[in-house]
Amino acid sequence: MIDRYTRPEMGHIFSLENKYAIWQEIEVLACEAHAEMGKIGITKEEAAYIREYASFNKEEVDAIEAVTNHDVIAFLTNMGEYIDKDIPEGEPKPSRWVHYGMTSSDLGDTALCYQLVQATDILIDDCRKLGEICKRRAFEERNTLCVGRTHGIHAEPMTFGMKFGSWAWELRRDLDRLIDARANVAFGAISGAVGTYSSIDPFVEEYVCEHLGLVHDPLSTQVISRDHHAYLAGVLATTAATCERIATEIRNLQKTDTLEAEEPFKKGQKGSSAMPHKRNPITLEKVCGLSRVVKANAQVAFDNVALWHERDISHSSAERVAQADSFIALDHMFQCLIRIVDGLILYPEQMKANLYKTRGLIFSSKVLLALVDTGITREEAYAIVQENAMATWREVQQCQAGTTFREKLEADPRCTVPSEKLDEIFDPWDFLTRIDRVFDRLEELDFSA
């Protein structure tokens with residue numbers, strides 16, 4: 001992922017420095033496990049020596065890899081040089097125990113899962129922060145009237161706090177999925193060439209995984225099955241879709257024709273090189289664009305599940321790009337939304353103006369029910385309401401002066417709803433008498449667990 005979207009905390013996880021540091025820890029733990037068992041020649045003193053002197057230098061590893069064309073061999077060569085640096089000539093080298101009975105995948109796959117756990121922990125924290133902000137803002141705007149829209153068309157009154165609340169609930173579900181996906185990918189495998197432990201005792205795998213906070217794979221091949229990684233990628237894609245949903249809603253509400261909400265526009269910010277008046281939702285558009293990357297990368301992870309026999313490396317090159325990019329992009333999306341939702345600019349007066357823009361048409365559903373209550377059939381009631389509604393709608397469409405929807409109903413002799421009942425119906429709060437139940441539920445929403 002380009003630096004423009006890479007936060008240092010997340011970028012570090014997918015850096016070679018971090019990967020090599022994890023590789024080093026796995027190799028040292030494996031040596032300690034062998035020493036603990038006492039089945040091969042390594043002593044606990046040698047394992048302690050390896051622990052103390054094991055190190056690496058990224059530039060030196062890169063130089064060795066340029067010759068070997070094998071990253072694991074290059075790393076092990078460099079690490080061995082540091083371990084053996086002060087060992088006198090002719091004496092046994094402690095580095096001979098490093099990588100004993102292991103394969104490159106034993107090292108690389110276990111380290112990768114550890115990296116994915118590290119990265120998922122950051123996203124879990126991101127998700128909690130954004131969810132808590134959405135919940136707080138929901139209660140702040142609990143009584144901010146606005147119009148609800150279905151198919152992009154005005155439907156019925158609601159409050160803006162419900163939008164924030166809906167996002168909060170979805171983010172809680174994303175949080176649950178991220179936590180579950182973290183557990184599903186927290187696996188390690190040190191089982192040899194085809195998973196038979198032919199040259200290494202299963203105790204080494206169990207020891208290493210326990211110390212890394214991973215679960216040892218109950219039956220790996222040479223690699224950890226990629227369904228673990230695909231599940232995680234699917235969860236990232238779903239979470240990205242949530243971010244896109246939030247961004248898309250705000251973008252729609254920021255349109256000049258609507259203008260009920262607006263992403264923060266910083267002092268000194270410029271919206272267009274040609275049109276100085278522009279205040280474009282560029283950050284929200286970026287969130288939507290990056291969502292496409294994360295969702296597309298999920299397909300890469302699904303394609304990586306089917307490998308040849310006990311292992312090939314067709315997944316490796318794709319993972320090096322797709323996994324890091326997905327995590328870095330989603331982390332950046334979260335950071336953008338945390339800032340935007342927390343500082344989202346709202347225009348309640350414009351919301352009110354939009355609410356009445358269709359001259360009362362949004363109250364039609366209540367009129368329909370009131371007419372049914374007078375004793376006529378639903379079909380008859382529907383015809384009365386629709387005829388007057390369409391007459392009002394045509395005038396609104398053509399920007400023509402005319403009477404309101406209620407005035408048309410009052411002039412229609414077929415409409416026998418009493419005036420005091422119409423007063424009740426044409427009050428937007430009459431639609432919201434039960435929203436306390438919605439906010440009581442939201443009060444119980446918890447992001448700490």
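Hi everyone, let's start at asparagine 69, which is found in the loop between helix H4 (58-68) and helix H5 (71-83). Keep in mind that this is a predicted model. Asparagine 69 has a positive phi of about 55°, although it is not a glycine. Is asparagine 69 buried or exposed? Its relative accessibility is 69%, so asparagine 69 counts as exposed.

Further along comes histidine 99, placed in the loop between H5 and helix H6 (104-140). Histidine 99 is not a glycine either, yet has a positive phi of about 70°. With a relative accessible area of 16%, histidine 99 is buried.

Now let's step back to the domains. The assignment for the protein chain gives domain 1 (3-97), domain 2 (104-150 + 160-264 + 276-354) and domain 3 (359-444). I'll stay with domain 1 and domain 2, whose C-alpha centres lie 31 Å apart. Their contact takes 27 residues from domain 1 and 32 residues from domain 2.

How much area do domain 1 and domain 2 bury between them? About 2500 Å², with 75% of it on carbon and sulfur atoms. On the domain 1 side, Tyr5, Met10 and Phe14 lose the most area to domain 2, together 27% of what that side buries.

There is charge here too: the count between domain 1 and domain 2 is four salt bridges. Six residue pairs are in polar contact across this interface. Helix H1 (8-13), helix H2 (16-37) and H5 each supply at least two residues of the domain 1 side, and H2 gives the largest share, 14 residues. By type, that side divides into 12 nonpolar, five polar and 10 charged residues.

Technical notes: Residues numbered from 1 in each chain as written. Predicted model: local features only at pLDDT ≥ 70, side-chain atom pairs only at ≥ 80, totals over all residues. Heavy atoms only, no water. Helix = DSSP H or I, 4+ residues; strand = E, 2+ residues; numbered from the N terminus. Buried < 20%, exposed > 50% of the residue type's maximum accessible area, 1.4 Å probe, protein only. Domains from an automatic or database assignment. Contact = heavy atoms within 4.5 Å. Buried area = accessible area lost by both parts, 1.4 Å probe. Salt bridge = Lys/Arg side-chain N within 4 Å of Asp/Glu carboxyl O. Polar contact = N/O pair within 3.5 Å; in protein donor to acceptor, adjacent residues only side chain to side chain. Nonpolar A, V, L, I, M, F, W, Y, C, P; charged D, E, K, R; others polar.
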